[in-house]
Amino acid sequence: QVRLVESGGGLVQAGGSLRLTCAASGIIFRLNAMGWYRQAPGKQRELVAVITSSGSTNYADSVKGRFTIFRDNDKNTVYLQMNSLKTEDTGGYYCNAVLGGSSPRYGSWGQGTQVTVSS
């Protein structure tokens with residue numbers, strides 16, 4: 001059974017930093033591209049960062065240069081380091097395996113972790 005557990009969110013002032021963590025189980029983690037998705041209030045969930053099984057990364061334009069995704073295959077964990085946070089980064093953050101460059105692989109999402117950036 002797939003289980004994705006996100007943590008590390010919180011309330012931070014604009015310009016601050018947070019590191020999100022996603023622990024995965026029930027999947028062959030090292031073979032999957034992994035991504036972080038963000039759902040802002042009233043908006044659809046969007047992919048903001050992805051890391052392939054070989055370690056290549058790609059980012060949404062809105063976070064490029066500020067966010068860094070990395071993974072630890074020994075711990076079945078993917079991280080998102082978020083720097084220079086902006087109020088528009090506010091939202092729920094979720095991880096999932098990624099197919100076809102942007103589509104979430106698994107239908108069962110974790111509970112997510114809330115990031116709130118104040119001005």
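Me: In this predicted model, which residues touch the most other members of the largest nonpolar core?
Reply: The model is a predicted one. Its largest nonpolar core holds 28 residues. Those that touch the most other members are Met-34, Trp-36, Ile-69, Val-78, Leu-80, Met-82 and Tyr-93.

Me: Which element gives the most to this core?
Reply: The elements that give two or more residues are β3, β4, β5, β7, β8, β9 and β11. With 4 residues, the element that gives the most is β3.

Me: Is Thr-113 buried or exposed?
Reply: Thr-113 lies in strand β11. Its relative accessibility is 10%. Buried means under 20%. Thr-113 therefore counts as buried.

Me: Which backbone nitrogen does the side chain of Thr-113 reach?
Reply: Leaving aside neighbours within four places in sequence, Thr-113 is in contact with residues including Glu-6, Ser-7, Gly-8 and Gly-9. At 2.8 Å, its side chain reaches the backbone nitrogen of Gly-9.

Me: Why is the pair of Tyr-37 and Trp-109 edge-to-face?
Reply: A pair of aromatic rings is described by the distance of the centres and the angle of the planes. For Tyr-37 and Trp-109, the centres are 5.2 Å apart. Planes over 60 degrees apart count as edge-to-face. The pair is edge-to-face because its planes stand at 90 degrees.

Me: How many residues apart are Tyr-37 and Trp-109?
Reply: Tyr-37 belongs to strand β4, whereas Trp-109 is in the loop between β10 and β11. The pair thus links distant parts of the chain, and the separation is 72 residues.

Me: What is the angle between the planes of Phe-70 and Tyr-79?
Reply: Phe-70 is partly exposed, at 27% relative accessible area, and Tyr-79 is buried, at 15%. Their rings form a stacked pair, 4.9 Å centre to centre. The angle between the planes is 20 degrees.

Me: Over which ring does the charged end of Arg-45 sit?
Reply: Ring pairs link Tyr-37, Tyr-94 and Trp-109 into a cluster. The charged end of Arg-45 is 4.2 Å from the centre of one ring, over which it sits: that of Trp-109.

Conventions
Residues are numbered from 1 along each chain as its sequence is written. This is a predicted model: local features need pLDDT of at least 70, side-chain atom pairs count only at pLDDT 80 or more; totals for chains, interfaces and linings use all residues. Side-chain values use heavy atoms; hydrogens and water are left out. A nonpolar core is a set of buried Ala, Val, Leu, Ile, Met, Phe, Trp, Tyr and Cys residues joined through side-chain atoms within 4.5 Å. Buried means under 20% relative accessible area, exposed over 50%, partly exposed in between (1.4 Å probe, protein chains only). Contact means heavy atoms within 4.5 Å. A polar contact is a pair of N or O atoms within 3.5 Å; within protein, one must be able to donate a hydrogen and the other to accept it, and residues adjacent in sequence count only if both atoms are side-chain atoms. Rings of Phe, Tyr and Trp (its six-membered ring) pair if their centres lie within 6.5 Å; planes under 30 degrees apart count as stacked, over 60 as edge-to-face and the rest as tilted. A charge sits over a ring if NZ of Lys or CZ of Arg is within 6 Å of the ring centre and within 35 degrees of the ring normal.
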